[in-house]
Amino acid sequence: MNQEIAECKLQFKVQLSATRRGARLARLLATEQLRSWGLPFESAAHVIAELAANAATHGCVPGRDFRLAVLSDADTLRIEVTDARGDELPAPKAAGLRESGHGLVLVEALADRWGTCRGPFPCKTVWAEFDLPMWGR
């Protein structure tokens, strides 16, 4: 799904507190929405959990929320998490002995594509896409 595609068949958007509780709620709400749409949600739920946790941990600015958007057309499921820290764009860390920092490696492994974009100032959006035809749609 290109960003140029303005109209999606299915859209779910929610703004949540940039806390661990908000990140957990993002996963729960989005999973239920995907289930109600009849879309596969297992891999997407993991990606949502990682991106929301990153927004609550690394993208947190006191007093600012993060936004979750789940969008779908006939071919693509897109997950977007926008936080208030546009000054640093995330990158996956190489696998190693560290206990943390592997969330984007998981996102990269599960999603067909992922990336980041800046804006609107001072925010950034981390997105991930899944091709739906591979899931039998």
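Hi everyone! Helices H2 and H3 are roughly antiparallel to each other, a label for angles over 145 degrees, with under 35 as roughly parallel, 65 to 115 as roughly perpendicular and the rest as oblique. This is a predicted model, where local features need pLDDT of at least 70, side-chain atom pairs count only at pLDDT 80 or more, and totals for chains, interfaces and linings use all residues. Residues are numbered from 1 along each chain as its sequence is written, and side-chain values use heavy atoms, leaving out hydrogens and water.

Back to our pair. H2 covers residues 42-57 and H3 covers residues 103-110; they pack at an angle of about 150°, with their axes 9 Å apart. Axes are lines fitted to C-alpha atoms, for helices over the stretch in contact, and angles run from 0 to 180 degrees between N-to-C directions. Helices (H or I, at least four residues) and strands (E, at least two) are DSSP runs, numbered from the N terminus.

Now, the sheet. In what order do the five strands of the open sheet come? The order is S1-S2-S3-S5-S4, with antiparallel pairing; two strands pair if DSSP finds at least two bridges between them. S1 (10-17) and S4 stand at the edges, each with a single partner strand, so one side of each has no neighbour in the sheet. From one strand to the next, the twist averages 15°.

Let's look at S4 (residues 113-118) and S5 (residues 124-131), which six bridges join. Trp114 has Ala128 as its bridge partner in S5, and Thr116 has Val126. Five residues lie between the strands of this hairpin, where Gly119 takes a positive phi near 100°.
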